[in-house]
Amino acid sequence: MAYETILFETEGPLATITVNRPKALNALSPLVVGEIAAAVAAIRDSDQVRAVILTGAGDKAFIAGADIAAMSQMTPLEGRFFSRQGQDVLFALENLPQPVIAAVNGFALGGGCEIAMACDFIYAADNAKFGQPEINLGIIPGFGGTQRLSRRVGKGWAMELCLTGGIISAEEAKAIGLVNRVFPAAELMAAAKKAALGMAAKGRVATRAVKELINGGFDMALERAIPMESEHFATCFASPDQAEGMKAFLEKRKPNFVGGLNK
Ligand code: CAA
């Protein structure tokens, strides 16, 4: 598929989605959201892709939010449709079987912060900035921000960021647990690639199990969530990667994981 607003590249087991509207600070128009949805579907159905990086083009912004020019013309019904469109693609991204890193290389505001939070974890450049400034436009986060932010960083920080519209630095975002690691801007992509390729080399059945358990169990009662682990643990033993991983350990060599499909 030909894309107009994103770059979708694969290199071995690694897929990279780059939102590519640097003049508009990579703002998420309905077309961008639709193209990200198409790329995510292609990744979900790929047997080759084993890890994903999401980033923004240029050195100023990851994604500066949903496209305000497009939203300024929306009726309430169109606003609801756009919000649902964004929420659906973020669910699809979050539920990919492959691990996904957000490489945040500048402003991650509004929908940009929301899409980063739908990735498994966030690496940030030292010049990155995060926030949910929708309140300054007379609206609220519409791509899941009120819910994913409070789950990531707790109710107090979610309230402060959504109610004040304030913007925080990469280091502050790291201190509150929004960002895992901060790198000098020039080193961000290399660090994200290294982590992504490391995860791509792990067994697929185990990787998918980790994602399903942490995402699926997060809001469940512990007594119901923990037993799910036993079922996924058992499934790992049905994958050739379990035999290979343990054999490699005992033979003091690196494992070569090949088993299982993403689906
Ligand atoms: N939508 C559309 N265009 C945007 C944009 C956005 N979210 N963010 C920036 N742009 C455009 C600007 O309009 C400008 O375009 P022109 O050159 O054609 O005028 C260009 O990108 C560069 O932006 P600035 O000149 O404003 O750059 P700056 O360095 O002065 O400021 C900024 C950078 C602080 C990020 C500022 O652009 C800004 O505040 N952007 C909006 C951030 C925002 O409010 N995001 C939330 C959107 S609502 C949302 O996301 C809802 C949701 O949850 C789904």
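Cys162 is buried, with a relative accessible area of 15%. That figure comes from a predicted model. Cys113 is buried too, at a relative accessible area of 2%. Both values fall in the buried class because that class means under 20%.

Now take the two sulfurs. For Cys113, the closest cysteine sulfur sits in Cys162, 8.5 Å away, so the pair is too far apart for a bond. A disulfide needs its two sulfur atoms within 2.5 Å. Cys162 is therefore in no disulfide, its nearest cysteine sulfur being that of Cys113. Across the structure, the count of disulfides is zero.

Some contacts can be followed atom by atom. In Lys60, an N or O atom of the side chain lies 2.6 Å from an oxygen atom of the ligand. Ala66 uses its backbone: a polar atom there is 2.8 Å from a ligand oxygen. Lys23 also takes part through its backbone, with an N or O atom 3.3 Å from an oxygen atom of the ligand.

How much of the ligand's accessible area does the protein cover? On its own, the ligand has 980 Å² of accessible area, and the protein covers 61% of it.

Conventions: Residues numbered from 1 in each chain as written. Predicted model: local features only at pLDDT ≥ 70, side-chain atom pairs only at ≥ 80, totals over all residues. Heavy atoms only, no water. Buried < 20%, exposed > 50% of the residue type's maximum accessible area, 1.4 Å probe, protein only. Polar contact = N/O pair within 3.5 Å; in protein donor to acceptor, adjacent residues only side chain to side chain. Areas by Shrake-Rupley, 256 points an atom, 1.4 Å probe, with all protein chains shown as cover.
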